[in-house]
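Thank you all for coming. Please take a moment with the sequence and the structure before I walk you through a few parts.

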Amino acid sequence: MHPGLLHTQSDLLRMRDKVAAGLQPWIGSWNLLLAARRANLGATPFPLEVVKRGVAGDENFGVMLVDLARVYHLALRWKMTGDEAYAKDAVKFLNAWSSTLKQLGGNSNLYLSSGLYGNQWANAAELMRTYEGWAREDVARFQDMLLKVFYSRCHEFLTNHNGSEIRKVTHYWANWDLANLCGMYAIGVFCDRPDITAEAVNYYKHGRGNGSHDHSVYYLHPGYLGQWQESHRDQGHSTLGIALAGMLCEMAWNQGEDLYGLWNNRLLAGAEYVARTNLSDASGTPYVMPFAPYNGVQGPGTATAGSGSRRPCWELILNHYVGRKGLSAPWTQTMVGLVRPERGDGGDSVGFGSLFFVRDPSPPARPSGLSALLSDGKVQLSWWGSADATQYLVQRASAPGGPFATVARVTDPRTFTDSPGQGVWHYRISAVTPSGERTGVDTARVAVPGELWLHLPLDGSATDAGGRGLHGQLVNGASWGSGGRNGTPCLQLDGRSGHLRLPDGAVSTLGDFTLAVWVYWETSAINTRIFDFGSNDVAYLALTPRDGGTPNQMRLLASCNQFWTEQPLAAPVLPTGRWVHVAVTLAGKVGTLYVDGVPAGSHDGIWMAPNQFGQTTQTWLGRSQYGGDPFFKGRMQDLRIYSGALAPSAIAELAR
């Protein structure tokens, strides 16, 4: 679809009509764009053969930024006014650079140039592709420049991370990945290369680096406040990440793919967190944000760093989630009130969002995305609200169809913790609005204090006896063998390739949980796994019967970024040569390991519950996320997973 990056034809017509009518905030951003004087006629291009960034005293990328802004703004002025003089001037700059630029130089910062500037060059050129005065051969030369100079570096970075792919893929902050994803996607559209756009989309959905949608927003606090990967670094880079992720999602949206909605609006969760971090309360004091400890390659983080950033990136976020979808985004909306009309962004992103992205809003939506999970034995609710809601009614029933009774009235943040007593409970959210009450889309069910979630007997059957259809699958060198407890068959794992696979996302809605299984470990090996639930070797929840530390211990591993301090929940190394009952419980942030029904280790400070890992795609028994770790060699039986943390007496009963 062309034009189909940040601006579609309908967007351009809306911008033109709103400005012609003198309406705010469109005219405000338009006047700021004109005041920047990059859209004036008569300037001379200054193309460079090599653009350098990152080496003090030997940088020249600022020269390109000026010309890049000129092309973008001239193209927009042509679209807004219809005056061909602006189109001719824009083409003059495009042709000058495509016939001159040969490479990007400098230090590792050249990978920022490839993404940040490749994205904006492609967006500017996309505006001009409908201009008949831009010769076909000149368009082809510009495409060739984008592919050879910019895309090649974007691809190189996202597949190799400047040499850190294998050992330290999370060395680079989220904005590095996101910049190159934007550059890759924009170039793919302008060059009519769906293979390139698919490469970018696949990375954003499944990539190992910090820019993928789940690693950039790596922890969800109640109320869907999504902790941003750079929040403990500074707010300039955190807001840059929001700007870049927003641009990527908008370009994909205009090509018919919804990245905004991944993992229940994961980007909105991150945007709300970053927006609130940069706001202050009525007394002028910056908000203190909830923070999950982070221990990455760049060092540990224990709190957000800084406040008060006013980067012009918020209109784009607001006008998708609120304008298009009708959701509430109170912190983003507050931030927009402070920065409207948005200015330009000085080269990192396009800015001017009050002109580009503000649209007449859709009707407010019903509350949606309701989740209900156990946390420290209580029911923790979070949901997305309605754009016009003044408060929310939390309603509870003992049956799916009701009757529902209101148990709380809540304003933002959109979360509530309930203590309903023992039983099976059903929740829904109703929005109170000026036009009346609006019942939410979802009803969520939760059992207190918990219930059997999954049960694989592993006695010749991997069928889920718990009734949820979460059946196991024997893979490669996994088989049914003799030697089970009480003379029954059991799962036999060969230590070479055999493992059992659970369905994707089998535990993705659990907070508090219990996992219990009988294990017969035949041969001791460091870093093998009893279980490992994740999607890659960066974020996972796993239990190893013997870690590689000193001294060796059985250990629960919980990582969100490959270098998270893997949790200090440990116990003595698992014995070999006999059946052992092993169990793990998590209640709030308190984890406990049991061996043969007896507590063997406990730790208060386990942040990464199963729900934090989302829809895991590699949910395994007997296999590690790390390709170099050994497979488990031995036998297993009677796997049980519960929602909720079983009491010590219940664990002891299972062991008996």
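I will call a residue buried when its relative accessible area is under 20%, exposed when it is over 50%, and partly exposed in between, using a 1.4 Å probe and protein chains only. This is a predicted model, in which local features need pLDDT of at least 70 and side-chain atom pairs count only at pLDDT 80 or more, while totals for chains, interfaces and linings use all residues. Residues are numbered from 1 along each chain as its sequence is written, and side-chain values use heavy atoms, with hydrogens and water left out.

Let me turn to salt bridges, meaning a side-chain nitrogen of Lys or Arg within 4 Å of a carboxyl oxygen of Asp or Glu; by that rule there are 37. One of them joins R193 to D195, with the closest N and O atoms 2.8 Å apart; R193 is partly exposed at 31% relative accessible area, and D195 is partly exposed too, at 43%. In another, D412 meets R414 at 3.3 Å, N to O, and here D412 is partly exposed at 32%, whereas R414, at 2%, counts as buried. E451 and R445 also pair, at 2.7 Å, N to O, with E451 buried at 18% and R445 partly exposed at 40%. Finally, D11, R14 and R359 are linked in a network of salt bridges.

As a general point, side chains of opposite charge can pair when their charged atoms come close.
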